[in-house]
Each structure stands twice: as structure tokens, then as C-alpha cells.
Amino acid sequence: MATRQPVATSNGLAVIGKRVPLKDAYEKVTGSLEYAVDFSLPGMLVAKVLRSPYAHARIKRIDTSKAEALTGVAAAITYQDVPDEEWLDRSLNYLGPVLEDRPRFAGREVAAVAAVDYHTAEAALRLIEIEWEELPHVFDIMAAVEPGAPQVASFGNVREAVVEEGDLEQGFAAADLVIEHDTRMGQQQHAPLGRNAAIARWKGDKLTLWTSTQTPFQLRDSLARHLGLPQNKVRVVNHPAGASNGLWWTNNFHFLAAHLARKAGKPVKLELTQEECFATVKRRDKPVSKVRLGLKRDGTFTAIHFKHYFDNGAYGYKPYPYESVSDLWGGQRPAIRFEYYGVSTNLVTAGCMRGVGDLSMGFTMEQAIDRAAEALGLNPLEIRLKNHIRAGDPIYSQKFVFKRLGAPFPGEYLSSGALDQCILKGAEAFRWSEKWKGWGQPTEVDGSKRRGVGMATATHICGGRHLGCPSVVVKVNHDGTVHIFTGVGQQGQGADTTQAQIAAEALGVPVETFVGTHGDTDTCPWSPATVASVNSHQTGMATRLAAVDARRQVLELAGLMMEVAPEDLDIKNGVVFVKGSPDRSLPFSEVTSMKHPVYLTPPDIIGRATANLPESQIAKMFMSHFVELEVDTDTGEVKVLNFVGAHDSGTIINPSICENQVYGGFLLGAGHALTEDMVFDEQTGRVLNPSFLDYKVLTTVDMPTGEGSDMSALFADCYDPLGPYGVKSIGEGATCPVPAAVGQALYNALGIRLDNPPFTPEAILEALRQQRNGKEAHSNGHAGR
Amino acid sequence: MAERIELRVNDRNQVVEVEPFTTLAECLRNQLGLIGVRVSCNQGDCGACTILVDGQPVNACMELAIEAEGRSVTTIEGLARNGHLHPIQQAFVEHHGMQCGFCTPGMIMVARALLESNPAPTEQEVKEALVGNICRCGSYPKIITSVLSAAQTMREG
């Protein structure tokens, strides 16, 4: 059974730190929550999409006339019906035309049909005639960077960025040991449980689009730009997503629905099948990572040179993997050079998935650190404690953004950090010192079963100034109930609940009085996309200030009623009272329902705030994960037995939500490490396992709970000076340390280094076979046993 | 050719017109508006659409609507009575046995069937009962806690 760890902080706070149920829990347990797939309109048509069978091809001729003539078909669109211009996702996960005559991956949209029902729409797709000319394609990222490789994107195949600081040559010259380490990770897919849909309706020249997205305002802005409409002529109404993990942003299918509905003159619903969700939207950017790490004999890092190639697939546009690994190991000021290469290939678009570069690059870096520690006779805890950054240390990862903007780098430093607590408290909770037997040493051997322990660390941003400036509105009704309006996307992370908790704390009323409206672009203020773990820290700042603004107005009213100066009043738990004389009080609702002497009715109280992060301080979350697992050397099967996730997320708003985030991070991280891998057809690049049947995600029996197992999340005592009530963020970071911790535990269990997850039974059995044959199971030639 | 059939859904008789190939999930969602029957994989891999047919959990996406004629169907919408949540639903709320909520109705329906036949399951029995239900948010530990807590509440009556 999962244990509940005590939660520090939240002293004197009424709502922050409480295990408040999810605001939409009732709708979720009764099945009444409306995801986009559940939404429909009267007279609505449905859409189906025709997709390219080729990895790379040119459409020489396309004819939809027979499809359009079919009874029940209202419209068909091809590249001839949409603008040529490429649309750009604000977070650079997509650059491409809505449709084009040169589809660049198998599964890319070629045409779409709107009809009265799905059977008619599917029949119409079969009537579309296309004459193809196949073009050369490239799937492997290291092949795609070679000169002469088939050109995928309009801008070439490679996007580059560099983060550097200090003299790399000197750094390596000062090193007593240099570790070189390369990894290739498998291909993870977001694999959402909930599907998605876009329902588009035009009324005159106004488009309304219902969908489930993390990026309602970015979708609104992109649609407006693409369609040449003002922003008040495009309305996105956001529904919660059935998990997203980075998949449902501003996606190409949204644009298809808008064009189809306009041509059909009726509302159109484009609902994706599971195969389309898995194989045609986006996947995690698949990396090839190479690191050189220079160290002193005592374990001090002197230089890090990282080369990170990551797959953008057919339409990704990222030059940079959104990482903080380049900041994490700056405690001893090593010289650093981090080179990033975003590479286009003829596979389905790749981009962000929960954890991004801090998962993929973190894996490689953690493995290099492990090799160094073993060579130097250090344990995994002490080498990390010696080198990680602390509050006040400089941050360089955003430097290239300023360079690109031609702006001077302001000099950034870390606002708070408690990775040391995560490592030490996590180790204590895990009973690390009892279980750790040394590098490559199993904790226990029982016949064919070998147990090992592993740990790893990571960091991740908590939003970012560059994402944009969140605004929030808090509206107090006459009866004292409260509405909160934000632009956050809901994907199961509980942002509606945590934002309400922040606002309730600031306003001094129970959280139960709050109702939220999130991501309706006609009624809510603009917000950054729900990416980069933005909400609790960055959006929360605006939420707190909006509630403070509402509170000020309530106190002014109360001051009039009670004939007291507003600054002498306070609000707690729904009661307005005179400071120092709590018996002189009025219920909050009595103040808000007072007939105003001038306005006659009670005045509407509208608190608002627009706030962004400061320029020179940056908050980061930190985490250290500990894993104990058992490998069966007869079958290659791995079972995780124990897990501790120790997190520094600043003040914890809602421990239950944060624990769920940690467990979810484990699920994705351990899935990436052990089972999850997309398989592509060698000829066409088509995804061969776009289903839960063939793409194996972890289930309840894979979680380390039950007899002899334990799974727990614990939180460091850390107050961030920037975040509301000291809050940082948690969501993405929870995935990041897991693959490296699993890899280290496997090494300790088996004495075999495994560099390329997923560590499937087949891979483990092959490694064991090579071990028996006396070969090193890894290719890097470092300190194996 | 569409066919008129009678179904008993959440203790009410319903008449629907379905094609021979209409799945029970499609019928419940599209004709009866029971959107708590969540459809994800549509091929029996994920458990999101789990409902009870004559008390037994089945994947509604794998049953044809016409096969359910004359049988008793319970969906998540049939669990709460007079606005009062079933103890399993209440436990999921209290213990955060969910994140995005897409798997939640399926999880609760499997738990309902489990606790009917085994009112005092062990943690391992709960895990095994839920093995066909995918939660991509990884809420499993709190889902298990919710089911065990509900079992206790229901035993204490």
C-alpha cells in the first residue's frame, strides 16, 4: 500500500497544503465530465481523413469529385483548398502547411471528407483518386544529418542551438578522468487513454472550435493567424483532456476541422481513432546522445561536452530539447558546451513529451556520472551531492534564447533548490544504506532472481518568462461564491483545483466556494500554454494576485459597513474581521451582498492580475528517485519492487495531487525504461504498433505496491521566493530520473551495463548471453566489471 | 438494416434502433447519451468502456448492441442513487483515485463487480481485478487505496 508521507511547509495556511478533492472529481466518478469526444452539435457532420501511405511522396494529381458526388458527403478538402503557408506551433513542435502536395511521413493527412456519418465518410475516402510520385526518404536521425540525405523540411534537416560557458579545453585539461558515454533511447509515445476530437462551427465569419488541448490560447492565436481573422473572430472552447502528457497542443487536425466546416457550411466533428492518436500526431523526440564528462580525482566536475541529436520527425521545428541538464551540474562551475541538433526525418512528427530533454539527456548524463563514480570509488549519492547546483548558482540554459533575440543576457541564477534534501531524505526513506552493496553488486540473489537498487536525479523548469505573461480573473458573486477564469489546460494534473486553492488562500474563503472556467478564449484571459510545468508556479503567481485584488475590494466594502479602515481588516475562512478583535466580524457573503450606497445593487467584485516571472531569477524543481527491482535471469523479466520519489517542488499545494503526479511520472519513466517502444515499418516508416495491444504500457500489477513492495512520494522542505506561497512545480519532472534509476539498478543487479532503453526481457537475455560469452555487454569500454 | 431492440439500462427500459454492427458502447453513448462509457481503444485492450451486463464486467466496445437485448446493463451513470454517490465513487473522490478521469468509470465498474463477489479483497486481488484497465496517468496506487477503502465502508454498511 502506498504510504502517506508527512508534508512539510504550509504553516499558518488554511487551504494550501490540504488534500482537497479534485474540483471535477464528482464529474469524473459519475462519468459526466465532457471530454471533446463527448461534445456534439445539432446538424453536425463527421469527418474522416485520408492519409499518405508513403514516407515521402509528391501528389501529381488528386481528384475528389467522385467522393464529393457520393450521397451524404458535404465537403472534401485537399491541399488545393487550404493556404500554402506553413503554420508554426508557438513551442516549435510543428511547422508545416495544413495540407500539401508533398506529404512527408506515412500517416500524414492528404485529404479530409465531411459527411453525414462515418460509414459514408469512409466510403468517400475510398473514392478519392491520387497519382503519386514516390520521393527518397530518411528515417534514421544520424543518416538525416549527413550531407546528401533526402531533404525533409522546408528549412533543411537540421536545427541547431548551443549553450556554453567557460573554457572547455581548460576544463578537460584540468580533469584527472574523462568519461565518454553514448546512448540511444527507444521511441516513446504519449499513448493517451482519452482520444481527442475537434468540433468546428462557423457562424458568418466567426469560428468556434471545441477540443481538448493544453494550449487553448495558442490554438486560438494560430487559427486566427492562419485564417487571416482577428482574434475575436476565433473562439476556442477547451475541454479537459483524457491524459495528454504533451500530445494535445495546437495540432494539425484542428485546422482540418476548421477548413472542412467552412467548406461544408455546417458544424464538423473530426474525432481521431486510437491508431490516429498513436501514429499520426506526435511522439517523444527520439534522441542520440553523446557526452564527455571531465572530473577531478575527488569527483569534482571540470568540463561537460554534450552533443544531443533529437528527432523532430516530419514537421517538428525544435532546435533545442527544453532541458535543464546543462544547469543541473554547475555546482562546481565546470566549463560546459551543450550542442543540440533537432533533426527532421520522414517519420511521424516528434516533439515534446512530459520531461522532454531532462528525461532524455538526463538519462545519458546520469549514466556518465555513474561510470565516473565507479571509476573514482565514489557512491552514486556523494558524486551528485558534490556537483549539483544550489540556490544562487548561475543558470545558463536560456542564454542562447537571448543571443538569438540579440538581447544582452541578464545573468540568471537559481531562486531555490533542495536537491540535497531530495537525495538524503529519499535515501533515508528508501533505506539506501542497507540495500546498496556497491557498484555492480546485487542487493540479494535468490536462484535465478537478482535484486538491485538504483537512484538518479533530475531537474526541470517551472514555466518560464519566455512562455508569456499569464492573466487571471477572480470574480466574486453577490452571494459570496467565487468564479476563477484562467487559460490553463486541464489534462488530469489538477490545475483547476490547485489554482482554486491558491486563490482561496489569498482571498480567505473556503476552496469549496470556487468554480472555475478554464481555457474558453472568449471569456478567459490569455495565458501561456500549459507546457513546461507552468501552472502552479507561474500561472499561480497571477492567480494569487488576482485574488489579492478581489480581497482588497471586499475589504473596502467591509470597511464601509463596519466603519473600519480596510487595512485594519482581515479575511479568514469566509469571515471578515477586525485584526486583533475577531469578535467584530461579518460573514464574507454578507459583505459581498451588501447594497452599495451608490450603485444600489451589490457591486460585482472583479479581481484581476497580469504577472510574469522576473528576468534574472529562475525557479527549478528537483527530484531524486530510488528504485529497487528484481530481474529473473532465466526470463529477463524485470519487476520493480520499491520506489521512492523525493521531490523539491517548493511548497506543496495539494499533497494528493502531487503524489499522483509522482506515481504518474514513475509510470511513464518506468514504461520508457522497460516496455514502451514504437515500431516503424522499415519500408514506409508506418507505425506498426499503434494500440495498447502492441504498445505495452505498465498496468496496475507493474506498480510497486502490495505485499513486500512500497511506493511513496516525499517532498523536501523548500520555500521558493518567486512562486505563490513558495510554490514551484512538479508535473514534468516526475518522469525524468526514472529510466536512469532503473538502468543503475539493473547494473547493480546483473553487473551488466545497459545503455539503450527499453530494457526488454529480450535485451536483458541477450546481454546475459554476451556476459556468459565473456564479452562486455556495452560498447563504450568503460569501467564495467 | 436498423433494428428496434429493447434494453434494460440502469434499471429503466429503453427502446433503441441499432444496426447489426452497432456496438453496445456506440449505442449507449450515441443513442442514450451515456458518455460515461468511455471509448479509447475500441478493441478490448484498455477497459475504459467497462460496464456491467447481468452484473458481469464487459468491454462495451466488444459487444454488439443487439446481443444485449433483454439483458440488464449497468453503466457508471447507474451507480449514484438520488444524487448520492456510491461508496466506491465516494472513495475515489476522497482518495484521489484518478487524475484525468478517463479510466475512472471503467475502474469503478470493475471494482463494483469485484466487491459484489468478494467483499473483502486483498490488495493483490484488487490489482489483479483491475489489470485489464489502463490508467495512463499512473494513479493506480490511489485507485487501489480507493477500492480497499470502499470495500471497508461497504462491509461496515
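Predicted model: local features only at pLDDT ≥ 70, side-chain atom pairs only at ≥ 80, totals over all residues.
Chain B first. On its side of the interface, 43 residues are in contact with 48 residues of chain A. Helix 5 of chain B has the largest share, with five residues. As for the make-up of the side of chain B that touches chain A, 22 of its residues are nonpolar, 13 are polar and eight are charged.

Chain B itself is split by the domain assignment into domain 1 (3–77) and domain 2 (87–156). Going by C-alpha atoms, the centres of domain 1 and domain 2 of chain B are 21 Å apart. The two domains do touch, and the contact draws on 14 residues from domain 1 of chain B and 13 residues from domain 2 of chain B. On the domain 1 side, strand 3 (50–53) and strand 4 (56–59) of chain B are the elements that give two or more residues. Strand 3 of chain B gives the most, namely three residues. That side of domain 1 of chain B consists of seven nonpolar residues, six polar ones and one charged one.

Over in chain A, the nonpolar core comes into view. The largest such core has 293 residues, and the members that touch the most others are Ala47(A), Val113(A), Ala257(A), Leu260(A), Ala503(A) and Val742(A). Take Ala503(A) as an example: leaving aside residues up to four places away in sequence, its contacts are Val474(A), Ile484(A), Phe514(A), Thr543(A), Ala546(A) and Ala547(A).

Chain A also holds an open sheet of three strands, ordered 26-27-28, with antiparallel pairing. Strand 26 (569–572) and strand 28 (581–587) of chain A sit at the edges with a single partner strand each, so one side of each has no neighbour in the sheet. From one strand to the next, the twist averages 35°. Strand 27 (residues 575–578) of chain A is joined to strand 28 of chain A by four bridges, the two running antiparallel. Within strand 28 of chain A, Pro587(A) is the residue that stands opposite Val575(A). Helix 16 (residues 535–562) of chain A packs on this sheet and touches strand 26, strand 27 and strand 28 of chain A. The direction of helix 16 makes about 120° with that of strand 26 of chain A.

Note on methods: Residues numbered from 1 in each chain as written. Chains lettered and ligands numbered in written order. Contact = placed C-beta atoms within 7 Å. Nonpolar A, V, L, I, M, F, W, Y, C, P; charged D, E, K, R; others polar. Domains from an automatic or database assignment. Core = buried A, V, L, I, M, F, W, Y, C linked by C-beta atoms within 7 Å. Buried ≥ 20, exposed ≤ 12 C-beta atoms within 10 Å, placed from the backbone. Pairing = 2+ DSSP bridges. Axes fitted to C-alpha atoms, helices over the stretch in contact; angles between N-to-C directions.
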